[in-house]
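I opened my notebook to go through one structure step by step. Here is what I looked up, in the order I looked.

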Amino acid sequence: MPLHKEHIRFMPHNSLINIDVVYASSSKDYKIVSLQLPVGSTIEQAILESGLLTHYPEIDLAQNQVGIFGTIKTLQAILQAGDQVEIYRPLSQSAMTARELRARAQKKQQLMQRQKASHHE
C-alpha cells in the first residue's frame, strides 16, 4: 500500500519511522531514497514507495535479493526505525567461479614474472 503525503498528515508523528532504500546499478550509479513509513511497514512496501522500480526497470523483486544493512531478508520483513533497505543486483557469476578466475589469473601472472626473471639472469 503506497503511502502518499496526504496520509502522512493525519497520522500521529510517533507512528512513522524513517528509513532509507538504496540501489546501486551496474554502471556504478546509485540512489538513496529516504522515506517516512508507518510502523509495521515491510521491505516490499518501502521499495514500492521509493519509486526505484520505475527509475531502475532492471530491478525484478522476484529475482533480486533484498536486505537490511547487508543481511539478506524477505520482502515481508518488518522495518525498524533507521533501517537501510538494500536491493542487491544478481551476481554476474558465482562466488566459486570468481575465486577460480582470480586464482588462474594470479597463477598466470606469477608464471609470467618467473619467465621474465629467468630471461634476465
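**Entry 1: a pair of strands**

I started with β1 and β2, which pair in the antiparallel sense over nine bridges. Strands here are DSSP runs of E with at least two residues, helices are runs of H or I with at least four residues, and both are numbered from the N terminus. Two strands count as paired if DSSP finds at least two bridges between them.

**Entry 2: ground rules**

This is a predicted model, where local features need pLDDT of at least 70, side-chain atom pairs count only at pLDDT 80 or more, and totals for chains, interfaces and linings use all residues. Residues are numbered from 1 along each chain as its sequence is written, and side-chain values use heavy atoms, with hydrogens and water left out.

I then looked up the confidence. pLDDT is the predictor's confidence in each residue, from 0 to 100. The chain averages 84, and 80% of the residues score at least 70. Over residues 1-11 pLDDT stays under 50. The model has 14 contacts beyond four places in sequence for that stretch. Contact means heavy atoms within 4.5 Å. Where pLDDT is low, the predicted coordinates should not be read in detail.

**Entry 3: the whole chain**

I found four helices and five strands. Along the sequence they follow the pattern α-β-β-α-α-β-β-β-α. The chain has 121 residues, and 27% of them are buried. Buried means under 20% relative accessible area, exposed means over 50%, and partly exposed lies in between (1.4 Å probe, protein chains only).

The accessible surface of the chain comes to about 8,800 Å². Carbon and sulfur atoms hold 55% of that surface. The areas come from the Shrake-Rupley method with a 1.4 Å probe, and for residues only the protein chains shown count as cover.

**Entry 4: the sheet**

In what order do the five strands form the sheet? I read β2-β1-β5-β3-β4, an open sheet with mixed pairing. The edge strands are β2 (30-38) and β4 (71-73), and each pairs on one side only. From one strand to the next, the twist averages 30 degrees. Axes are lines fitted to C-alpha atoms, for helices over the stretch in contact, and angles run from 0 to 180 degrees between N-to-C directions.

Next I checked β1 (residues 16-24) against β5 (residues 84-87). These two run parallel and are joined by four bridges. Y23 has I87 as its bridge partner in β5. V21 has V85 as its partner in that strand.

**Entry 5: a helix on the sheet**

Helix α2 (residues 43-50) packs on the sheet. This helix touches β1, β2, β3 (66-68), β4 and β5. Its direction makes about 120 degrees with that of β2.

I zoomed in on A46, which sits in helix α2. Is A46 buried or exposed? A46 has a relative accessible area of 0%, so A46 is buried. Leaving out residues up to four places away in sequence, A46 touches I19, V21, L35, L37, L79 and V85. A46 and V85 are 39 residues apart along the chain, yet their C-alpha atoms are separated by 7.9 Å.

**Entry 6: the core**

A nonpolar core is a set of buried Ala, Val, Leu, Ile, Met, Phe, Trp, Tyr and Cys residues joined through side-chain atoms within 4.5 Å. The largest one has 20 residues. I19, V21, I43, I47, L52, L79 and I87 touch the most other members. β1, β2, α2, β3 and β5 each supply at least two residues. β1 gives the largest share, four residues.

Beyond four places in sequence, its contacts include V33, L35, A46, L79 and D83.

**Entry 7: the loops**

T42 lies in the loop between β2 and α2. T42 counts as buried because its relative accessibility is 9%. Among its contacts beyond four places in sequence are L75, A77 and L79.

A77 is in the loop between β4 and β5. A77 is also buried, at 17% relative accessibility. Neighbours up to four places away aside, A77 touches S41, T42 and I43.

My last stop was F69, in the loop between β3 and β4. Its phi is near 50 degrees, a positive value in a residue other than glycine.
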